[in-house]
Protein chains: 2
Amino acid sequence: MIEIDLIRHVKVSGKAALYGCTDIEPMATENVRLLERLVTQQQSSRPYQGIICSPLIRCQHLAKEFSKRCKLPLELSADLQEMNFGVFDGVPFDDLTLDHKANNVTAVSNIKGQETSLHWSQLEAFFQAPAEIALPEAETLTDFHHRVMQVWQNLIIDQLSTASEAKEKSAPRRILVVAHGGVIRMILAHVLQLDWQQSTWYQKLDIAHGSLSRVSISQPKQDKKHNRLQQQSHHQIYQQLHQQVTTIAMPLLEGF
Amino acid sequence: MIEIDLIRHVKVSGKAALYGCTDIEPMATENVRLLERLVTQQQSSRPYQGIICSPLIRCQHLAKEFSKRCKLPLELSADLQEMNFGVFDGVPFDDLTLDHKANNVTAVSNIKGQETSLHWSQLEAFFQAPAEIALPEAETLTDFHHRVMQVWQNLIIDQLSTASEAKEKSAPRRILVVAHGGVIRMILAHVLQLDWQQSTWYQKLDIAHGSLSRVSISQPKQDKKHNRLQQQSHHQIYQQLHQQVTTIAMPLLEGF
């Protein structure tokens, strides 16, 4: 059995905005508090065996420190990055100019040295129908879905092979993934077999900063043998796994 | 703002079975541990103001003790009971006789003094399509859905009125609901606007015993005034609320 804990990075040290591929620092104090909780947990009876992390600094900083402190292998995976929000990525909401006259809120911001008019209505339309509306120069939700599904499948197959080679038996292999809100939501929708295109999944579920979501993965008994693993394609192996969500957005930075 | 914490009762002191309306005791040691966690939390800066509970003893026992220890108002609500699983309700899986000859697993059990043959295949069919297959003498998923939606709406409207009368302002009103896995899942599907008829919502999401799920409820600003509340129907008020899920199945009986 494999247990994968998906932790969202802490709050970032920047103005409120859609942060996707923009590489922004995490809030130092919160990051230290989260690190201390992880280090304490690591001394319990259920330690992690490895860390996989988005290369963006708001995730990587925590993962690197945790890896160093607890001597855990750390792997950076570019495909775990947040969705790229194109021209809106990292543009502070505060900097937007509101255009009341047009009865249509508009934003003006400097993108790539050129003054570009960003309409709030575009963002709103995207929030209402994220699968149909693509922001300018942004990744589509479909491409993002495809990327996250690939990295999730590869990550699990890798962990299965490692567990199989190490002849790990009863105790589950525990892996920490440090990633982003959108990535975690996409993985959860996949495991729960929900419609990832539905806007309410993004609006009605809050994945807080520094929160933990957990997926439990087990293999049917007949497939556990290492030889079997090698005879099947990765996709075949993946399809036979039983995946279950056991916790969503458990707050780690506060009591309950 | 209102924050409602939905806690599932601890494990029951009986054999593995579908426990719906069957009134079975909770495991004493786990119940005490959960009680102590709640009492400790109650001394923090975010205490509960009230408890609402299913009358079944596996929920009520905890709620009553917590109410007594912390001098909190307790309300029992019959509509918060688990789904009634009819002839399968409370029948231990262990007692089932397996009929290999028929290539169809069957169960024999004593129901109401009469020996009745309970087919495992009926249970399996129900798990695969809970909205289409009704177990004999059981509540349908549609009726269960309707009952839980009614109790949820009434509970929120009641809390809004109490908060409004008490002129509570900035700090959220915090309510503890002690209930069952099926009830909690139904409320979460409703708030997340998911299809509650989909079997995967029941199969792929594990709501552990003694776990906490949280819903955050806020009113649009213009509706906050007490007078406004009285001019509108309860259903109108309810429809305008903003509900969001902020945690699902956070384990309270163990570290993370």
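1. The two copies meet through the same surface, because 100% of the interface residues of chain A are also interface residues in chain B. In this predicted model, 32 residues of chain A are in contact with 33 residues of chain B (contact means heavy atoms within 4.5 Å).

2. On conventions: the model is predicted, so local features need pLDDT of at least 70, side-chain atom pairs count only at pLDDT 80 or more, and totals for chains, interfaces and linings use all residues. Residues are numbered from 1 along each chain as its sequence is written, chains are lettered from A and ligands numbered from 1 in the order in which they are written, and side-chain values use heavy atoms, with hydrogens and water left out.

3. Interface content. Chain A and chain B bury about 2800 Å² between them, with 56% of it on carbon and sulfur atoms (accessible area, 1.4 Å probe, lost on being put together and summed over both). Salt bridges between the chains number zero (a side-chain nitrogen of Lys or Arg within 4 Å of a carboxyl oxygen of Asp or Glu). Polar contacts link 15 residue pairs across the interface, both residues at pLDDT 80 or more (N or O atoms within 3.5 Å; within protein, one must be able to donate a hydrogen and the other to accept it, and residues adjacent in sequence count only if both atoms are side-chain atoms).

4. Which elements carry the chain A side? α1 (28-42), α6 (200-203), β7 (211-218) and β8 (242-251) of chain A each give two or more residues. β8(A) supplies the largest share, ten residues. Helices (H or I, at least four residues) and strands (E, at least two) are DSSP runs, numbered from the N terminus.

5. B:T247 lies in strand β8 of chain B. B:T247 counts as buried, at 2% relative accessibility (buried is under 20% relative accessible area, 1.4 Å probe, protein chains only). A polar atom of its side chain lies 3.0 Å from the backbone oxygen of A:A249. B:T247 also touches residues including A:I248, A:M250, B:L212 and B:R214.

6. Helix α5 (residues 181-191) of chain B is largely enclosed by the rest of the structure, because ten of its eleven residues are buried. These buried residues pack against β1, α4, β6, α6, β7 and β8 of chain B. B:Q193 follows α5(B), and its phi is positive, near 55 degrees.

Terms used: Buried area = accessible area lost by both parts, 1.4 Å probe. Buried < 20%, exposed > 50% of the residue type's maximum accessible area, 1.4 Å probe, protein only. Lists of a residue's contacts leave out its neighbours within four places in sequence.
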